[in-house]
Amino acid sequence: MSEARLQRVKDQDRRLIEIIVDGWAMSAMEGDTVLVAILAQRQLLRDAPGEPVGAGFCLMGACQDCWVWQEDGRRIRACSTYAEPGMRIRTTWPDHLLAS
Amino acid sequence: MARSSARILIIGAGPAGLRAAEMLAEAGCSPTLIDEAPRIGGQIYRQPPRVPGFTRTAAELYGAAAERARDLFVTFDRIRNRIDYRPSSLVYDLIDNRVIVASEGKSEEVPFDALILATGAMDRIVPAPGWTLPGVYTVGAAQIALKHQGATIGKRVAFVGIGPLMFLAAHQYAKAGVAPVAVVVPSRFRSFAAAGLRLLQMPREFSLGLHWLLDLKRRGVPILFGHRLAQVLGEETVTGITVRRRGAERAIVCDAVAIGYGLQSETQLADLTGIRFAFDPARRQWLPESDPLGRATGRKDVYLAGDGAGMLGADAAEARGRLAAHALMTDLDISHVTYRPKADLETIARATQLQASLRAAFDLPADFFAAVSDETILCRCEQVPAGELRAIAGLMGAREMNRAKSYSRIGMGRCQGRMCGHAAAEILADKLGVSLDSVGRLRGQPPIKPVSVGTVAERKA
């Protein structure tokens with residue numbers, strides 16, 4: 001299941017940046033949303049206990065199907081948050097939120 | 001009395017909000033323009049991020065509408081310094097004469113003397129078994145991925161639904177080298193063709209639609225009229241779809257599906273203002289009510305513009321933005337340049353006629369909602385199947401959407417019923433054997449979109 005879901009077809013000559021997803025370095029392109037950065041390399045955005053698995057749905061901030069977490073526990077909408085160099089993303093609950 | 005110091009607030013920076021802002025700025029007002037997106041344009045003229053490497057031209061991004069998009073962007077650049085523009089800002093509540101805005105993890109109250117709502121529209125969804133599988137997106141999402149990010153939602157994409165936007169998106173995918181594996185349209189070809197012919201009076205729209213259709217044909221994309229989506233196949237991700245025509249099913253292999261049955265207005269904020277709504281039998285949606293210039297019924301300080309007040313398309317949205325700004329300035333005695341609404345009213349009349357033709361072209365089978373099986377997930381947030389709504393239909397007063405919501409949890413989730421509300425109302429009305437208007441509509445509840453507790457707590461000084 002490591003195959004990419006999204007296909008990059010236009011505007012691919014961009015600066016590469018690196019984000020950290022579930023502790024692993026992942027390269028992304030400057031200007032990617034978190035959703036596109038992750039789904040250009042993976043099948044799923046979110047696979048968290050108690051949450052439907054998700055890869056997003058509306059991409060315009062309405063359906064709330066693209067929630068992921070930052071490592072500090074903050075929830076973000078992956079479709080409308082841009083990937084920033086060094087950003088640390090979790091596709092499942094951050095450990096400190098899972099502990100209880 | 002000149003009242004150009006009035007606090008005027010516009011919500012939404014798509015074609016309607018931008019034209020309203022332009023008209024107000026030209027009259028010397030300094031409206032506040034709040035938009036959820038980081039850049040102007042709305043969904044229709046959504047722009048790629050301002051980052052080196054995004055090099056597509058307006059013509060590549062917006063096709064036949066490139067000129068209109070460019071003109072809006074130029075207009076915005078001209079008025080940018082005269083308005084209070086707040087991008088990446090989400091209005092999540094409205095109390096009396098102030099809105100609550102979330103931006104960068106903080107909340108702020110913004111008071112207004114007059115409000116123009118230009119909140120736009122989004123895809124209307126009808127569920128089918130498997131539609132919650134990863135890899136199923138809205139038609140709008142398929143287009144946004146391409147327009148905003150230069151990506152497609154898959155390699156082998158099936159488009160399912162009705163409406164010109166779906167054909168446009170399928171055409172854009174084909175042009176980008178990702179020819180759809182199929183375009184599945186539940187409407188009968190006969191009604192599509194008959195209504196299409198009536199569009200001959202509108203040569204521009206007719207030839208554009210014909211061009212998309214012929215281009216898809218030329219590229220060998222099967223266009224399956226009279227076919228319904230029977231099921232989205234796959235265990236963990238989309239592997240295909242089955243489509244049905246008169247009882248006969250066939251399977252189509254794909255790795256992504258784009259579904260959209262036309263567009264519905266985004267009306268939650270309008271609801272919070274307390275203005276009157278009326279049922280629109282043609283669009284089959286409860287819509288905020290206004291006079292022809294956009295003055296809302298029930299509140300003197302609220303104006304409606306664009307597709308949020310009933311889907312009419314981008315050109316009409318620009319016209320409605322100007323009309324609303326004009327009505328607002330007239331009401332507040334703000335002197336402004338001579339503006340004759342005639343041309344804009346004609347644009348709206350024309351768009352209304354076009355929408356009527358399109359509705360006739362893309363009619364849905366009479367049993368379309370009755371045919372949604374009981375096992376089909378209806379509410380994706382709360383994972384509630386259609387059968388649960390049917391089971392409580394009519395029980396203990398559940399003849400109305402809000403009661404049905406509290407019994408079944410449908411529409412109670414994080415999307416606030418945006419994805420399922422329309423289909424749920426259709427299914428409830430069908431089950432009860434009543435007209436769609438009599439089941440009412442899901443009330444808008446604050447926050448109209450989820451915001452974190454921290455954001456609510458963090459008030460800007």
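Q: Which strands of chain B form an open sheet, and in what order?
A: In this predicted model, the open sheet of chain B has three strands in the order β4-β5-β6, with antiparallel pairing.

Q: What makes β4 and β6 of chain B edge strands?
A: Each of the two, β4 (90-95) and β6 (106-111), pairs on one side only. On average, neighbouring strands of this sheet are turned by 25 degrees against each other, direction ignored.

Q: How do you know that β4(B) and β5 of chain B pair?
A: Two strands count as paired if there are at least two bridges between them. β4(B) and β5 (residues 98-103) have five bridges, in the antiparallel sense, so by that cut-off they pair. I95(B), for example, has R98(B) in β5(B) as its bridge partner.

Q: Why are β2 and β3 of chain A called a pair?
A: The cut-off is at least two bridges. Strand β2 (residues 16-21) and strand β3 (residues 24-29) of chain A have six bridges, in the antiparallel sense, and therefore count as paired. Opposite I20(A) stands A25(A) in β3(A).

Q: What lies between the strands in the hairpin of β2(A) and β3(A)?
A: Two residues lie between them, and in this hairpin D22(A) takes a positive phi near 50 degrees.

Q: How do you know that β2(A) and β6 of chain A pair, and in which sense?
A: There are two bridges between β2(A) and β6 (residues 88-90), and the sense is parallel. At least two bridges are needed, so the pair qualifies. V21(A) stands opposite I89(A) in β6(A).

Terms used:
Residues are numbered from 1 along each chain as its sequence is written. Chains are lettered from A and ligands numbered from 1 in the order in which they are written. This is a predicted model: local features need pLDDT of at least 70, side-chain atom pairs count only at pLDDT 80 or more; totals for chains, interfaces and linings use all residues. Helices (H or I, at least four residues) and strands (E, at least two) are DSSP runs, numbered from the N terminus. Axes are lines fitted to C-alpha atoms, for helices over the stretch in contact, and angles run from 0 to 180 degrees between N-to-C directions.
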